[in-house]
Amino acid sequence: GGTGGGGGAGKDNKKPPPPPPAPPVDVLLITTHDSGGFYFAYIKVAGQVVTLEPSKTIQLKPGSYKVQARADNADDWKPVGRIRIDSGKNYRVRLLSTWKLKQETL
């Protein structure tokens with residue numbers, strides 16, 4: 001009969017616990033309607049489609065994101081740039097009339 005020595009439950013993992021995920025930060029997306037830009041545009045970032053009339057605040061987790069835009073639902077998405085989001089900061093991202101992005105840290 002026997003007692004097969006079990007154990008194995010107290011494994012000593014020396015890995016530190018993963019850091020908590022960084023909270024999302026506010027990103028204000030805005031069109032530039034003053035110099036021949038748009039009053040209205042669609043923006044696609046991180047899988048979210050956002051309608052700007054002319055602005056909208058979204059929340060993004062820190063990271064780098066490809067951004068696409070279009071002026072009308074029937075148009076194809078145009079790549080307009082990338083934004084880089086760091087934790088603990090808020091951003092304003094303008095869609096320029098040249099279909100480029102201008103990112104500012106607030």
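1. Starting with Ala-46: at 45% relative accessibility, this residue counts as partly exposed (buried is under 20% relative accessible area, exposed over 50%, partly exposed in between, with a 1.4 Å probe and protein chains only). Ala-46 lies in the loop between S2 and S3, where strands (E, at least two residues) and helices (H or I, at least four) are DSSP runs numbered from the N terminus. Its phi is near 55°, a positive value in a residue other than glycine. For context, most residues other than glycine have a negative phi, and most peptide bonds are trans.

2. Before going on, the ground rules. This is a predicted model, with local features needing pLDDT of at least 70 and side-chain atom pairs counting only at pLDDT 80 or more, while totals for chains, interfaces and linings use all residues. Residues are numbered from 1 along each chain as its sequence is written, and side-chain values use heavy atoms, with hydrogens and water left out.

3. Two other backbone spots to look at. Trp-99 has a positive phi of about 60° although it is not a glycine. Trp-99 sits in the loop between S7 and S8 and, at 18% relative accessibility, counts as buried. Then there is a cis peptide bond joining Glu-53 and Pro-54, with omega about -5°; Pro-54 is in the loop between S3 and S4.

4. Now the core. A nonpolar core here is a set of buried Ala, Val, Leu, Ile, Met, Phe, Trp, Tyr and Cys residues joined through side-chain atoms within 4.5 Å. The largest one has 22 residues, and Val-27, Ile-83 and Leu-95 touch the most other members. Strands S1 (25-31), S2 (41-45), S3 (48-52), S4 (55-60), S5 (63-70), S6 (78-85) and S7 (91-95) each supply at least two residues of this core. Leaving out residues up to four places away in sequence, the contacts of Leu-95 include Ile-30, Phe-38, Ile-43, Val-80 and Leu-101 (contact means heavy atoms within 4.5 Å). Thr-31, Thr-32 and Lys-100 are also among the residues that Leu-95 touches.

5. A salt bridge needs a side-chain nitrogen of Lys or Arg within 4 Å of a carboxyl oxygen of Asp or Glu.

6. What does the side chain of Arg-70 make a polar contact with? One partner is the side chain of Asn-73, at 3.1 Å. The backbone oxygen of Asp-75 lies 3.2 Å from a polar atom of the Arg-70 side chain. Polar contacts are N or O pairs within 3.5 Å; within protein, one atom must be able to donate a hydrogen and the other to accept it, and residues adjacent in sequence count only if both atoms are side-chain atoms. Leaving out residues up to four places away in sequence, Arg-70 touches Ala-41, Tyr-42, Asp-75, Asp-76, Trp-77 and Trp-99.

7. On to the salt bridges: the count comes to 3. Arg-84 forms one with Asp-86, the closest N and O atoms being 3.7 Å apart. Asp-86 is partly exposed, at 29% relative accessibility.

8. Arg-92 and Glu-104 meet in a salt bridge at 2.9 Å, N to O. That pair links distant parts of the chain, with Arg-92 in strand S7 and Glu-104 in strand S8 (residues 101-105), 12 residues apart. Arg-94 and Glu-104 also meet in a salt bridge, at 3.6 Å, N to O. Arg-94 lies in strand S7 and Glu-104 in strand S8, so this pair ties together parts that are 10 residues apart in sequence. Shared partners join Arg-92, Arg-94 and Glu-104 into one network. Arg-92 is partly exposed at 25% relative accessibility, as is Glu-104 at 21% and Arg-94 at 23%.

9. Finally, aromatics. A search of the whole structure finds 1 aromatic pair. The rings of Phe-40 and Tyr-42 have centres 5.2 Å apart and planes at 90°, so the pair is edge-to-face (centres must lie within 6.5 Å for Phe, Tyr and the six-membered ring of Trp; planes under 30 degrees apart are stacked, over 60 edge-to-face, the rest tilted). Phe-40 is partly exposed, with a relative accessible area of 32%, whereas Tyr-42 counts as buried at 14%.
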